[in-house]
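Work through the exercises below with the sequence and the model open. Each task is followed by a solution in steps.

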Amino acid sequence: MIKKNILYITLIFFFTGCGFAPIYLKNTNINFSIEQVTYEGDRDLNNFLKTNLNQYKNKDANNKINIEVNSVYRKVILSKDGTGEVTNYQLEAEVIFLIKPLNKEIKITEKKIMDSMGDKFEEARYERIIKQNFASSISNKLSSELTIN
């Protein structure tokens, strides 16, 4: 029991003292503010992106930017079984951001292979979760790009 407690204390000390921080932890040192965004393309993906990009409004930032977003979402059939039923899809989200004051174009693509499900309602629900994850990942990658530049 004492050895177990010492191990826990050691682990807590190690992780609190090592300076570890997640890469995409909400960054308070953001040097930009996304002021206005216009969206074209896939409605669901754009709504998820809008939710994620709203966190990058920063009143104190001097670098105010406007963004045009053009998103494309595809669900491509990868394989079918002997009866012609789809067994696998590849889900792809491609988003092109045009950063207005810089006239810089940033293209971010996410892909995932998804198995077909017998329950189409559950399949649609799972696909929606994947879209949310795509939007979160794309927003984080955009933030990294904008922070670096």
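Buried means under 20% relative accessible area, exposed over 50%, and partly exposed in between (1.4 Å probe, protein chains only). Helices (H or I, at least four residues) and strands (E, at least two) are DSSP runs, numbered from the N terminus. The model is predicted: local features need pLDDT of at least 70, side-chain atom pairs count only at pLDDT 80 or more, and totals for chains, interfaces and linings use all residues. Residues are numbered from 1 along each chain as its sequence is written, and side-chain values use heavy atoms, with hydrogens and water left out.

**Exercise 1.** Find the buried residues of H3 and what covers them.

Step 1. The buried residues of H3 include Glu123, Glu127, Lys131, Phe134 and Leu146.
Step 2. Their cover, by contact (heavy atoms within 4.5 Å), includes S1, H2, S2, S3 and strand S4 (104–115).

**Exercise 2.** Which residue forms a salt bridge with Lys131?

Step 1. A salt bridge needs a side-chain nitrogen of Lys or Arg within 4 Å of a carboxyl oxygen of Asp or Glu.
Step 2. Asp42 meets this for Lys131, with the closest N and O atoms 3.2 Å apart.
Step 3. Lys131 is in helix H3 and Asp42 in the loop between S1 and H2, so the pair ties together parts 89 residues apart in sequence.
Step 4. Lys131 is buried, at 8% relative accessible area; Asp42 is also buried, at 19%.

**Exercise 3.** Trace the salt bridges around Glu123.

Step 1. Lys120 and Glu123 form a salt bridge (3.3 Å, N to O).
Step 2. Lys120 is partly exposed at 45%, whereas Glu123 is buried at 4%.
Step 3. A network of salt bridges links Lys75, Lys120, Glu123 and Glu127.
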